[in-house]
Structure formats: structure tokens, C-alpha cells
Amino acid sequence: MKKWGVARCQAILTEETISFIVQSMEIKPAVLVVDDEPGARQSLEVILEDDYQVLSVGSGSEALETLQKLPVDLVLLDINMPDMDGLEVLRKIKEQDEEVDVIMVSALNLARKAVDAIKLGAYDYITKPYEPEDILSTVARVINKRNLHKELDFLRKEVEVSRGFDEIISQNKRMLEIFQLVQKVAYTSTNILITGESGTGKELIARSIHRQGNRKSGPFVAINCAAIPSELMESEMFGHEKGAFTGAHTRAIGKFEYANGGTLFLDEISALRSDLQAKLLRVLQEREIERIGSNRPIRVDIRVISATNTNLEDAVAQGKFRQDLYFRLNVVPLPIPPLRERKEDIPLLANHFLNKFNVAFNKKVQGFSEKALDVLLRYHWPGNIRELENLTERIVVLSTNDEPIDLKAIPLEILMDSDQDIEDSESKKGGLIKIREAFERRVILNVLEATKWNQTEAAKILKVNRNTLLQKAKQLGIHLKK
Ligand SMILES: Nc1ncnc2c1ncn2[C@@H]1O[C@H](COP(=O)(O)OP(=O)(O)OP(=O)(O)O)[C@@H](O)[C@H]1O
Ligand SMILES: [Mg+2]
């Protein structure tokens, strides 16, 4: 929809356009009135129009057609109609879309039929003549029920996602600055771009922004742009009407609509297809969406937090990501440093996760030994905090006693720190044997260093006996005391 400047509005807008614009500004539930008598339709329109978007048609076939084209929350359906009986229409509506709620409207002498209609899936019935309050309260009950269902759906998903959500832990100066910034921006609706390597806590930060702000009672909805097949992405974002494309058997509400009043988290934003980048930009500018297969604009009030672990500026420079969209998303940048650049957090986080998994697995593992912590401090953590969390979980699960975690419990790949490049040196030229030797040398050196050159302990970790270790070391030119 176009944006209307105030002056232009006065000059060119007709009554009809104004009412259309005003209507689409708020999301009013849509009610479809189906009655062959124009008078009956009109009176329902008058009763409902303040609170609902009312569409009305005079026959069952028109009703079915309308339901295919437009999103409708509730149908008020007359039982007694000449071309197609109300019960028949009801059956077809339910066949077409089970989720549409239907209230039957019937003359008193047809009340039996209305009861049959309930068996066919109608939600309720109202008998004529009715009081406007009867209509309004029955309709409100259905709409409230629908909203409740939507919310419940959401909460269920949210509980799953937020299980295990703990406080964010850090003592690092850059992280503390980020926390301060988060507090400042949480109460605004400014778009935020969180950058950082995989596992640095981007989603955790996004959720905490949502929780600290004035949208916290609204939903937090996440879309992972890299995880959803690209052909399904548009529908995931904006939803679709039934029949909008092959396979669209029912109407689906998109994540943007679900996020209304809350926060939309666009994870891995760099993976967004370029046509969808254009659509996203439009949504951010116009603040409204259209479901696929419908041209009814729906207003959405969302705060967008996006995240990426790739360099978006580079993607912009390479023409893979729209610059205008980048600017719009990146109003407040939050660059999260990798774990290896905030080493002071490693012991804190390791102990935090240890406590968490002790509780989860009913264990009492007593902290980390000094040597084990040294290794964790030296390791370069390519998977960042997630990797540390997973490692701690694995160690706690596998622990057989309550002793502090020792080197033996730390996997070799961490002991040998894959940060170093084994492919350099002359080993490449020397072929497989040289490469293997270089590799073995590094593993042994790292383990020895981790054990502070305690040969017995190193041998245990390497699962060889001490003599074999001494022999190997000699072969590889590592000097060990006998
Ligand atoms: N500072 C922190 N304190 C406590 N837990 C943290 C912290 N940062 C991250 N975590 C935990 O580490 C895990 C990974 O965090 P999260 O999923 O937020 O990372 P991410 O940056 O979104 O990763 P990816 O790029 O792979 O999606 C989560 O279980 C999260 O709870
Ligand atoms: Mg993430």
C-alpha cells in the first residue's frame, strides 16, 4: 500500500479509500455474513462493523468463493437459503478449511437443524430474532477462543525454545559494554543487527533484548533464514491463503504476523534470497505484509532483530546483500566477540555449565582441576560457547565420580588445540609419513604441555604405556627425561 502524505489525503482520498486505509491500519478480525436476505445481512453488518471487518454475501457458493480468496476468522451462516442449504454450505466450508469457525443463524422453527450443524462442526448457533448483544457476545467468544488458541500455540513453541534459557554470563569488558547498550535500546523499537561467530550467544542476546523491553509480553518469533528451504521461505515469513500455490491445502499464518506486538528474530539473515530481501525491505518501510495469494494488507507492529555469523558488509560489497536493507537492519550493531577473545569468561562459563549439568543429570562433579582449566583457556574454541557447553555436558554425563574434572576427561582434539596448522612446515613436501609425524608430534607436545610434562599422566591420556611414549618422543625429536 502507498504511503499517504496528509495534504494529499485531503485532496484525493474518497470516503471509501479512507475507510479501507483505516480498516487495514488495525487488524480487525474478519467476519463473513452469509444470508440470502439483504435486510438480514445489513442488520448484521451494522451490529458488527465497529469491531470487525465485515464481508457479506447472499449465497453459499459466493461464501465458498470468498473463503478461498480472503482470510476470514468467522462465518455467520444462515441455515435457510434457496440455492444451497446452510448445512450443505457448512459441510463444504469445513471441507475447504477446517479452521474457519462457523456460527449458524436460524429461525426458531429450524433450531433442530442448528443442533445438527453443531455436530457437523459449527461452533454455535443463534436463533432469529436476536438481540444485537447476543450476536456481539457470541462472535466475541469465538474470536477470543481463536486468539487464545493462537497464543497457546505460541507459548507451547516458546516454552520449548526457552527451556534451558539461563542468565547471560560474562565479565569481559566488551560484553559488558554490549549489555549496557542492550539495556539502552531494549525499550525502543530500533532494528538491531547482532554479529558474531557461531555459538557466541547471538540468539541469547536477542531474547534478552526482547525480555528487557516493553514488548516482553508480546511474542518472540525466530526465523532461521538458512534452515528453511528457500522455496518455503516466503510463506514462512508472510503466510499464505489456502490454494495460493500447489500444496497450500490450508491457510497458514506467517511468522511476521505471529510476531505482531513483539519481536521478530531473523537468524542467519545473510542467507535470505534476494527477492525476499526486497520484500523484507518493503515490510520494514511500510510496516505491513500480505499473505501469499491475498492482496489484503495486514498491519504489523514488530521490532526486528537480525543476526549473522558472516560479514554482511562483505556480502553487500559483493552485491549479494542489498545495501539499503543492510542499513535498515543495522541501526544498532551489536558485535559479539568470540570466546577466545574473552578468555576470562571461560572459567566462569565452564563452571556455570558444570552446575547446570550437575543439576540436570543429578551429579556432583566438583569443578575443574587447574590443569584442565589451563587446557580450556588455551583452546581456541571455534564453536565458542555452544562448544564449551556441549563439552561440559559430555564430561558431566560421562563422569563416574564426583572428583574435579581432570585432563583425562578432556577430549584429545581439545588437548591438541586444532588452532595450529599441521599442514605447514616441510611435512607437506614429505608426503603422508611426514604429515603423520608432524601430527603425532603436535599431539604429544600438547598433551605433555597440558600435563606440565608429567609423562605418566600424558601416557594415560594418549592411551599408550609410558615406554611407548618415551620411544615415540625420541623418534619425533621431543626430549624427555627418562
Ligand atoms: N554469555 C553466555 N552465558 C551463558 N550461556 C551462554 C552465553 N552465551 C551463549 N550461551 C549459551 O550458548 C549456546 C549458544 O548460544 P546461541 O544459540 O545464542 O548462539 P548463536 O550465536 O545464536 O549461535 P549460532 O550462530 O550457531 O546460531 C546457548 O545454549 C546459550 O544459552
Ligand atoms: Mg543462533
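**Notes on the predicted model**

1. Strand β1 (residues 30-34) pairs with β3 in the parallel sense, over four bridges. Within this pairing, Val-34 stands opposite Leu-77 in β3. The model is a predicted one, and the remarks below should be read accordingly.

2. Strand β3 also pairs with strand β4 (residues 101-107), in the parallel sense and over five bridges. Here Asp-78 stands opposite Val-105 in β4.

3. Strand β10 (residues 263-267) may be considered next. Five of its five residues are buried, so β10 is largely enclosed by the rest of the structure. Both of its faces are covered, with Thr-263, Phe-265 and Asp-267 buried on one side and Leu-264 and Leu-266 buried on the other.

4. Which strands pair with β10? Strand β7 (residues 220-224) is joined to β10 by five bridges, and the two run parallel; in this pairing Asn-224 stands opposite Asp-267 in β10. Strand β13 (residues 303-308) also runs parallel to β10, and four bridges join them. The bridge partner of Thr-263 in β13 is Arg-303.

5. Helix α3 (residues 38-48) has Ala-40, Arg-41, Leu-44, Ile-47 and Leu-48 as buried residues. Seen down the axis of α3, these buried residues fall within an arc of 130°, so they line one face of the helix. The face turned away from the buried side of α3 carries the exposed residues Pro-38, Gln-42 and Val-46.

6. In helix α16 (residues 370-378), the buried residues are Ala-372, Leu-373, Val-375 and Leu-376. They fall within an arc of 155° when seen down the axis of α16, so they line one face of the helix.

7. The surroundings of ligand 1 comprise 16 residues, of which the closest are Ser-198, Gly-199, Lys-202, Arg-386 and Glu-389. By residue class, this shell divides into six nonpolar, four polar and six charged residues. Helices α9 (202-212), α15 (345-360) and α17 (384-398) each supply at least two residues of the shell.

8. Which residues place polar atoms by the oxygen atoms of ligand 1? A polar side-chain atom of Glu-389 lies 2.6 Å from an oxygen atom of the ligand, and a polar side-chain atom of Arg-386 lies 2.7 Å from an oxygen atom of ligand 1. Gly-201 takes part through its backbone, where a polar atom is 3.1 Å from an oxygen atom of the ligand. On its own, ligand 1 has 630 Å² of accessible area, and the protein covers 87% of it.

9. His-240 is found in strand β8 (residues 239-240). With a relative accessible area of 9%, His-240 is buried, because buried means under 20%. A polar atom of the His-240 side chain lies 3.1 Å from the backbone oxygen of Thr-250.

10. Most residues other than glycine have a negative phi, and most peptide bonds are trans. The peptide bond from Lys-128 to Pro-129, however, is cis, with omega near -5°. Pro-129 is placed in the loop between β5 (124-128) and α7 (132-162).

11. Lys-452 is not a glycine, yet it has a positive phi of about 55°. This residue lies in the loop between α19 (431-450) and α20 (455-462). Is Lys-452 buried, partly exposed or exposed? Its relative accessibility is 48%, so Lys-452 counts as partly exposed.

12. Lys-463, a residue other than glycine, likewise has a positive phi, near 60°. Lys-463 is found in the loop between α20 and α21 (466-475). At 74% relative accessibility, Lys-463 counts as exposed.

Definitions and conventions
Residues are numbered from 1 along each chain as its sequence is written. Chains are lettered from A and ligands numbered from 1 in the order in which they are written. This is a predicted model: local features need pLDDT of at least 70, side-chain atom pairs count only at pLDDT 80 or more; totals for chains, interfaces and linings use all residues. Side-chain values use heavy atoms; hydrogens and water are left out. A residue is near a molecule or strand if one of its heavy atoms lies within 4 Å of it. A polar contact is a pair of N or O atoms within 3.5 Å; within protein, one must be able to donate a hydrogen and the other to accept it, and residues adjacent in sequence count only if both atoms are side-chain atoms. Accessible areas come from the Shrake-Rupley method with a 1.4 Å probe; for residues, only the protein chains shown count as cover. Ala, Val, Leu, Ile, Met, Phe, Trp, Tyr, Cys and Pro count as nonpolar, Asp, Glu, Lys and Arg as charged, and the others, Gly among them, as polar. Buried means under 20% relative accessible area, exposed over 50%, partly exposed in between (1.4 Å probe, protein chains only). The arc is that of the directions from the helix axis to the C-beta atoms. Two strands pair if DSSP finds at least two bridges between them.
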